[in-house]
Amino acid sequence: MKISVSTLALYPTPLENVLSKLEERGVDHCEVINENPYHEIDSDVVDSYKLKVSVHAPISDINIASHNRTIRNSSVQQMKNSIDAASKLEPGLVVVHPGTMPILGDRFPDKIHRYNLESLTECAKYAEDCGVVMCVENMPDIHGLLGKDIKELEDLVEDINAYMTLDVGHAHNMGFSTEEMVGSKLVKHVHLSDNDGSFDTHQALGTQGENGINFEKLLKNLDKSNYKDILVVEVRNLDDVDESLDYLKSQMKNMK
């Protein structure tokens, strides 16, 4: 398994500084959230560092399930822009969020779910044409978010010929066990943070005690499932990154 760090922890530090700080910490991968100030990812800048970069599509002001067609189409285009960015980088992987139930959308939920599926299908086809692996992320227990049930999300990504980003903090917040989290062969990417189950707080790994995520069990289950891909530390600040990296490396060392 390969260790990565999300730009979330250092936002909005210039990307060059982010990559330098991560290289200093011996990290080999970075996940860039592809919105201001990282709305343009210069592949030449990335190539000047040793790190490999995956792309997280924009999360602000985006709704691929909007019942406003102009907003929906614009959101899909933003996803495609991130796919284009990922196609110029290694490992050629993009993370996308499902849509959100808009205000008044609950008056016709079937239509909103159809928009969500149609948009993700379009993005998945575009990613396939670009040679990019598209991973749809499961969401936390926040009203209006689609894609919160990892079992339902597994069925969706299978239907559109895509993969899953398993966000373990989101899954824990939704009450899924570590066994349930790693039950799908379509998990191609993993986000790591901790919380006490009550809310998605993106705490440092191993800091939430008995109410937190059992990372020892999680990592063993991932290893048993033959997961060989990226583990992204997705926490709030650089101190939490350092604490999480030390914790994660210790856990992985104990597995050997």
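Student: Does Arg114 count as buried, partly exposed or exposed, and at what relative accessibility?

Tutor: Arg114 counts as partly exposed, because its relative accessibility is 41%. On this scale, buried means under 20% relative accessible area, exposed means over 50%, and partly exposed lies in between, with a 1.4 Å probe and protein chains only. The model is predicted, so local features need pLDDT of at least 70 and side-chain atom pairs count only at pLDDT 80 or more, while totals for chains, interfaces and linings use all residues. Residues are numbered from 1 along each chain as its sequence is written, and side-chain values use heavy atoms, with hydrogens and water left out.

Arg114 has a partner: its side chain meets that of Glu118 in a salt bridge, at 3.3 Å from N to O. A salt bridge is a side-chain nitrogen of Lys or Arg within 4 Å of a carboxyl oxygen of Asp or Glu. Glu118 is also partly exposed, as its relative accessible area is 41%. Both residues belong to helix α4 (residues 109-130), where they stand 4 residues apart, about one turn of the helix. Helices here are DSSP runs of H or I with at least four residues, strands are runs of E with at least two, and both are numbered from the N terminus.

Helix α4 holds another such pair. Lys125 and Asp129 form a salt bridge at 3.0 Å, N to O; because they are 4 residues apart in α4, about one helical turn separates them. Asp129 is exposed, with a relative accessible area of 54%, whereas Lys125 is partly exposed at 47%. The structure holds 10 salt bridges.

The buried residues of α5 are Ile150, Leu153, Leu156 and Val157. They span an arc of only 110° around the axis, which puts them on the same side of α5; the arc is that of the directions from the helix axis to the C-beta atoms. Glu152, Glu158 and Asp159 are exposed on the face of α5 turned away from that buried side. At the start of α5, a side-chain oxygen of Asp149 reaches to within 2.8 Å of the backbone nitrogen of Lys151. That pair is judged as a polar contact, a pair of N or O atoms within 3.5 Å; within protein, one must be able to donate a hydrogen and the other to accept it, and residues adjacent in sequence count only if both atoms are side-chain atoms. After α5 comes Asn161, whose phi is positive, near 65°. Leu104, in the loop between β4 (93-96) and α4, likewise has a positive phi, of about 70°, although it is not a glycine. Most residues other than glycine have a negative phi.

The side chains of Arg236 and Asp240 meet at 3.7 Å, N to O. Arg236 is partly exposed, with a relative accessible area of 45%, while Asp240 counts as buried at 10%. Asp240 is one of the buried residues of α9, which also include Val241, Leu245 and Leu248. These buried residues fall within an arc of 140° seen down the axis, so they line one face of α9. On the face turned away are the exposed residues Asp239, Asp246, Lys253 and Asn254. Asn237 caps the N-terminal end of α9, with a side-chain oxygen 3.2 Å from the backbone nitrogen of Asp239.
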